[in-house]
Amino acid sequence: MFYFLPREALKNWLSEISKVHEVFVPVSPSGFGPYEGKLYLEKKTKLSAKEFFLPWREVILKFEARPGALPSPVFFEPVKERIIFGVRPCDAKGLTLIEKVFGEDPFFQKRREKTILLGLLCKEPGRECFGWAMGVNPFAGEGLDALFLEQAEGYLVKLLSPKGEKLFKDQEAFEKVGEEAQNSFKKAEKEFLEKHPKAPALEKLKEADLLKLYEADFWEGLALPCLNCGICTFLCPTCYCFDVQDEVVGLEGERVRLPEACMFELYSRHASGHNPRRSPVARFRNRFMHKFKYFLDEYGEPLCVGCGRCNEECPAGINLWEVIRAMSTL
Amino acid sequence: MLTEKIREIAKKLLEEGKIEAFLCYEGTSHPFRNRAVLVKSPEEVKKLLWPSFGVINLATPLQKLKGQKAGILATGCVSRAIVVLIQEGQLKREDLFVVGVPCPGMLDPSKVRDKAPEIIDVIDDLKDEVLIVTPEDKIKFSREELLRNNCQECRHPVPPLYDLLLDFSGREKSPDPYRRVQEIEDLTLEERWQWFEREVLRRCFRCYACRQACPLCYCPTCFVDDSRPQWVGKTRDLIDTALYHLVRAYHLAGRCVDCGSCEAACPMDIPLRLLTKKLEKEALLAFSFEAGLDPEAPLLFTSFDENDPEDFMLTSELKASGKI
Amino acid sequence: MIPYPARIERTVVETEDGLLKSFYLRLLDEEASREFSHRPGQFAMLSVLGKGECPIGIASAPSEKLLMFTVFRTGLVTDALHRLPEGTIIGLRGPLGNGYPLEKFKGKNVVLIAGGFAVTTLRATLVYLLEHRADYGEITMIYGARNPGLLLYKPELEAWKKRDDLKLYLTIDREAPGWDGLVGFVPQITEQVAPSGENAVALVCGPPIMIKFTLPVLEKCGFKPEDIYLSLENRMRCGLGLCHHCNVGPFLVCKDGPVITLAELKKLPPEY
């Protein structure tokens, strides 16, 4: 089902639905925020929509901070239903990849159920984008409830899920459109896919021998400039590792989940001090082996949607493609 | 051209066996990002270049090369960081061959980025002009406008420690190194906290790029990662984040050489170097001390002088026993 | 999942240096207590609210009433655990992990090789095997510690020594006064005892160095890699296969392990 929204009507519509729902939009190049009039739709945001589902502080347990206290069973902070507009298809695809692991995690699932994701196709791929090479078709809108395509006069909207259908059923600002409009969507998709094929690297990675990749000698050179910070990990729409910490203030305690990066030395350090991945090269290698071998082998897709944020933001100038090329041409 | 000089000297040192490897910068597919690279053979030196965007201090990856006899391209701040590392026992002077360059300053990627929506290339003449090449045009900018903040405020463009100094004329010392610090100092206390909360705390997402990029943050276990006791919480809570930044700045007092790597590494453009620059000013005013100039000199916080303005170390015992 | 509340019914200091303590736990909720069923080799996350969690192998057999864990005092949580008096309530999440596939061992000889305090889950295994003695062939246990004071479960060891349906070899690293048993490192004793790999499985638990030198001995005795079982350890957080901390290559120790055969281990990158 397709709808159309005239260009000028977008902000009005967002204001209208904000009265009934919690609405989040990209507010700046940095990231998302509640809709209060400001809208940034030029390019994708630095922080992806992942922040809504794997938040920087997720309380999983509450307790009184005294020895022998029982954990309080009330740990599901109620999540209000919300609409996120302006999600890029790569971010949404990233969520579907994370879901393969977090499918039964009650916290992730609760947030997923209560969220309506409205996607926005990019006008053109960014400098560092390569989602299509990773097998992502942005026009398919995986993980989204509806997908907006910006055209000359306004937005063509493709509904993708029952949640999306339910939302748009009585939105007056949108008019239902016929075959011609649908065809223009299909045409745009066809043109895009012809220009942007899937990379043969993925097939080569599937066939590559795991231990040979691990023992390869290119890792040291690639990892030299790496700072082992958490930028690529935290900005990545598919990275999902988390740390668990007990935080106590006075007599109130909370066990929280927070984002963690496998690049940090503490990530794999045992209490005894032994660290199976002590060297920075080992941790660098582990992140890419996970994304482009272990996950690929287990689920058939790489743990990467080609959004290019890592390439754009890495202060050390490391380029993911060079790593993929080295791995796939071994 | 500076790039040719660098390649020439690296080739010579490798051919003569004076070094096992040379640490410098190479270009990447991104028009305003350079990347540290280690070349081990004379044939590879063609990768090397003068990094207009060499924003991460080379003394940081240098510490991954312990044991190898390495050559390194050193501007003022790189050389000073090496001096501090030698003073603190982290590097051995004999393991290094420092190729010094009187630094012309480097360009700031985040200033370049904002100049045009699509940039294909950046051409830096190392003197007064930078050309930003877009698909349609070549736009001229003054070099000063695009220069990194720490380069604009640099007091030591010529490296104090080197085995060889390349023949090149770099920048002059900055006459006003604490201009930006002064701007913050001129704010009221309330305004200063608001600045700190807005510019630093609300943006930081604890990626630790600042700490990892800093050549002088080399503790095997950072205070943030201690668990017995746990000093700082690990989430993006504002107070925990404030504690992280303030304590890290203090751990660099009297040591920071203002290479700006922290600020360059930060993905959220947090003006981090202002925290340490303020402490650098304090060290200068209170103790006439500048970090990283003389490897033989004592460090600021592991030595005291009878004329230090704080006299508690000398006089507290005497006061306590009633003698004065 | 939320931790089940469990009361520390009893604590026993196992070793002379006091670093190893056994905790006997009872789940507070009676239904949970009845339904809790684990396999030897599995572990649980012990929770000290306010400090954190740590993964500890379950040292009690499934039939035993109280859940027993022997904890080495080494980090934030284990230190806090050691300070807790009997009667304190802690949290427990489990059973987690895969455990030993004991059904596969039926009819075979079972060789248990333990070094130091890694003997904990092998104790659970041995108790289970002895309860189902008729299902298994010869049972051999080789257990070594640095010195007699560091041997765990001393009263039980005495009882097992007396059994004639179990070959128990206890050894210590160096001569010690009052010790009249075997002396030598576990790999050396294994070589001396030379259990045959024919129709047998070996379960090996111990520090990396012990495992490194024991494996070639087992190979010489004719054990096939698919019949040698090891138990991996790694830093864990969720214990559920989500947070990814414990990965050894593609293998998650909390979900795919901790038990793994040598054949499978050889396919993994050596990061453990």
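I82(B) touches A59(B), A74(B), L91(B), L96(B), V98(B) and L161(B), leaving aside residues up to four places away in sequence. I82(B) and A202(C) touch the most other members of the largest nonpolar core, which holds 252 residues. In soluble globular proteins, nonpolar side chains tend to be buried together. The model is predicted.

**Domains of chain B**

**Domains of chain C**

- Chain C is divided into domain 1 (4-96) and domain 2 (102-231).
- For domain 1 of chain C and domain 2 of chain C, the centres over C-alpha atoms are separated by 24 Å.
- Contact involves 16 residues of domain 1 of chain C and 14 residues of domain 2 of chain C.
- The side of domain 1 of chain C that touches domain 2 of chain C has 7 nonpolar, 6 polar and 3 charged residues.

**Contact between chains A and B**

- Chain B puts 27 residues in contact with 26 residues of chain A.
- Three elements of chain B give two or more residues to the side that touches chain A: β2 (34-39), α9 (209-213) and α11 (261-265).
- β2(B) gives the most to this side, with 4 residues.
- By class, the side of chain B that touches chain A has 14 nonpolar, 7 polar and 6 charged residues.

**The six-stranded sheet of chain C**

- Chain C has an open sheet of 6 strands in the order β4-β3-β6-β1-β2-β5, with antiparallel pairing.
- Its edge strands are β4 (52-57) and β5 (67-72) of chain C, and each pairs on one side only.
- From one strand to the next, the twist averages 40°.
- Strand β1 (residues 4-13) of chain C pairs with strand β2 (residues 20-27) of chain C in the antiparallel sense over 7 bridges.
- V12(C) has S22(C), in β2(C), as its bridge partner.
- In a regular strand the side chains alternate between the two faces of the sheet.

**A hairpin in chain B**

- Strand β6 (residues 121-124) of chain B and strand β7 (residues 129-133) of chain B run antiparallel and are joined by 4 bridges.
- D121(B) stands opposite V133(B) in β7(B).
- The hairpin of β6(B) and β7(B) has 4 residues between the strands, and there L126(B) takes a positive phi near 65°.

**Backbone geometry to check by eye**

- Most residues other than glycine have a negative phi, and most peptide bonds are trans.
- G94(C) and P95(C) are joined by a cis peptide bond, with omega about -10°.
- P95(C) sits in strand β6 (residues 89-96) of chain C.
- A cis peptide bond also joins G257(C) and P258(C), with omega about 5°.
- P258(C) is in the loop between β14 (251-252) and β15 (259-261) of chain C.
- Y208(B) is not a glycine, yet its phi is positive, about 60°.
- Y208(B) is in the loop between α8 (189-201) and α9 of chain B.
- Y208(B) counts as buried because it has 25 C-beta neighbours inside 10 Å, where the cut-off is 20 or more.
- D258(B), likewise a residue other than glycine, has a positive phi near 55°.
- D258(B) lies in the loop between α10 (238-251) and α11 of chain B.
- D258(B) has 26 C-beta neighbours inside 10 Å, so D258(B) also counts as buried.

Methods: Residues are numbered from 1 along each chain as its sequence is written. Chains are lettered from A and ligands numbered from 1 in the order in which they are written. This is a predicted model: local features need pLDDT of at least 70, side-chain atom pairs count only at pLDDT 80 or more; totals for chains, interfaces and linings use all residues. Domain bounds come from an automatic or database domain assignment. Two residues are in contact if their C-beta atoms, placed from the backbone, lie within 7 Å. Ala, Val, Leu, Ile, Met, Phe, Trp, Tyr, Cys and Pro count as nonpolar, Asp, Glu, Lys and Arg as charged, and the others, Gly among them, as polar. A nonpolar core is a set of buried Ala, Val, Leu, Ile, Met, Phe, Trp, Tyr and Cys residues joined through C-beta atoms within 7 Å. A residue is buried if 20 or more other C-beta atoms lie within 10 Å of its own, exposed if 12 or fewer, and partly exposed in between; C-beta atoms are placed from the backbone. Two strands pair if DSSP finds at least two bridges between them. Axes are lines fitted to C-alpha atoms, for helices over the stretch in contact, and angles run from 0 to 180 degrees between N-to-C directions.
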